[in-house]
Amino acid sequence: MNQPNKAIPTNIITGFLGVGKTTTINALLANKPEGESWAVLVNEFGQIGIDQEMMPEQDGLHVKELAGGCICCSLGASLSQTLQELLKRSTPDRLIIEPTGIGHPEGIIDTLMGPAFAHQLDVRATVCLLDPRWLEEEGVIDNDIFHDQLNLSDVVLINKCDLAEPAQIEVAEASLGNMFPPKQYIGRVTRGEIAPALLDLVRNGQLKAQFPNAHDHDHDHDHDHDHDHDHDHDHHHDRGHDHEHHDTLPEPGHPVRKTGHGSGLYSCGWIFHRDDCFDYWELEKILNGLVGVNRIKGVIRIGSAWVFYNRVQDEHDFDKVAYRRDSRIEIISPTELDWEQIEKDMLACQIEA
């Protein structure tokens, strides 16, 4: 446990939607020095909170989640208070912050390095993950937030090198090598397996946003969602929620649905009752068949097993998970979809447990 009055090493791990930030943090947690206590602040653009559920249950890990907006804008006012509460409760040896994939990191960096935390936090490398295939996507290349995530990072790691073509990786390396000020480190990684020593590079103070006003826009979310958990995953809901079904908790066959929009994107999330069970292959057809979505994540009960479904653009995969609390699915898209029809289609995939 961190000694009182000792500045806490702090890192931001950023990157665009679906680049593998949570996977990277999990890889770091797997190599956390024995006896150390780490705190992780997870911020999701979506409404229901899935990333924190994918983090391991282990001693010395304290996770705080802020969902339903960006801590650099719509939730920015609560960032300082949330951080103070997390630090007081956990007294960590390291703090890691994972902003939403459409979050502009400049405001977070300013908060961490401002007077409120000047003596509490030792801000070290901001790490940005990059999928080199994004450099061929016009919708990403034209996004100012994407550029500033790269501009404001100290370390850029080209992730998903097992999925990208060698030429795509080489183009990414060449582009990153031409950035000014130069990055402290540019490297290749697969499945977020990064060297922990990269976290302790010290910021050089020269990094600036190219588009500092990229996040000056309105956000509208149908609710706020704020809960935390220690390694035993004890959840505390701090505020009430307004959502379309007006239920505080899901009932069998009647999920809670929560929607929001901002940064030119729309999100819709569903929380299903723990007893709801799905035919995975039929549900997969529904989720894979949705056209033009940016991201879909879900933890889904399929009988005695539970799986994590993960779709980025038109690619998807799934794997078993230890999570057992409920089924939940989140969709992020550039347009508002027919959420009611999608919900009906998903419910039609239910089977007897």
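Asn294 sits in the loop between helix H7 (280–289) and strand S13. Helices (H or I, at least four residues) and strands (E, at least two) are DSSP runs, numbered from the N terminus. Asn294 is buried, at a relative accessible area of 19%. Buried means under 20% relative accessible area, exposed over 50%, and partly exposed in between (1.4 Å probe, protein chains only).

Which residues does Asn294 touch, not counting residues up to four places away in sequence? They are Leu17, Leu265, Arg311, Val312, Gln313, Ile332, Ser333 and Pro334. A contact here means heavy atoms within 4.5 Å.

This is a predicted model, in which local features need pLDDT of at least 70 and side-chain atom pairs count only at pLDDT 80 or more, while totals for chains, interfaces and linings use all residues. Residues are numbered from 1 along each chain as its sequence is written, and side-chain values use heavy atoms, with hydrogens and water left out.

S13 covers residues 295–301. The strand is mostly covered, with seven of its seven residues buried. Arg295, Lys297, Val299 and Arg301 point one way. Ile296, Gly298 and Ile300 point the other way.

S13 pairs with strand S14 (residues 306–312) through seven bridges, and the two run antiparallel. Two strands pair if DSSP finds at least two bridges between them. Val299 has Phe308 as its bridge partner in S14. Four residues lie between the strands of this hairpin. In the hairpin, Gly303 takes a positive phi near 115 degrees.

S13 also joins strand S16 (residues 327–333), by five bridges. This pair is antiparallel too. Here Arg295 has Ile332 as its bridge partner.

## The whole chain

The chain has 353 residues, and 56% of them are buried. Its secondary structure comes to eight helices and 16 strands. Take the contacts between residues at least 6 apart in sequence: 72% of them join residues at least 24 apart.

The accessible surface comes to about 15300 Å². Carbon and sulfur atoms account for 48% of that surface. Such areas come from the Shrake-Rupley method with a 1.4 Å probe; for residues, only the protein chains shown count as cover.

## Two nonpolar cores

A nonpolar core is a set of buried Ala, Val, Leu, Ile, Met, Phe, Trp, Tyr and Cys residues joined through side-chain atoms within 4.5 Å. The largest one has 21 residues. Those with the most contacts inside it are Ile13, Ile25, Leu28, Val40, Ile96, Val127 and Leu157. Which elements each supply at least two residues of this core? They are helix H1 (21–30), strand S2 (38–44), strand S3 (61–67), strand S5 and strand S6 (155–158).

Leaving aside neighbours within four places in sequence, Val127 is in contact with Ile12, Ile13, Thr14, Val155, Leu157 and Leu199.

## A network of salt bridges

The structure holds 12 salt bridges. A salt bridge is a side-chain nitrogen of Lys or Arg within 4 Å of a carboxyl oxygen of Asp or Glu. Arg94, Asp122, Arg124 and Asp200 are linked in a network of them.

Asp200 bridges to Arg94, with the closest N and O atoms 2.8 Å apart. Asp200 lies in the loop between strand S7 (185–188) and strand S8 (219–221), and Arg94 in strand S4 (residues 94–98), so the pair ties together parts that are 106 residues apart in sequence. Are these two buried or partly exposed? Asp200 is partly exposed, at 34% relative accessibility, whereas Arg94 is buried, at 8%.

Arg124 bridges to Asp200 as well, with the closest N and O atoms 2.7 Å apart. Arg124 lies in strand S5 (residues 121–130) and Asp200 in the loop between S7 and S8, so this pair ties together parts that are 76 residues apart in sequence. Arg124 also forms a salt bridge with Asp122, where the closest N and O atoms are 2.8 Å apart. Asp122 is partly exposed, with a relative accessible area of 27%.

## Ser90 in helix H2

Ser90 belongs to helix H2 (residues 79–90). Ser90 is buried, with a relative accessible area of 1%. A polar atom of its side chain lies 2.6 Å from the backbone oxygen of Leu86. Not counting residues up to four places away in sequence, Ser90 touches Ser37, Ala39 and His62.

How values were computed. Polar contact = N/O pair within 3.5 Å; in protein donor to acceptor, adjacent residues only side chain to side chain.
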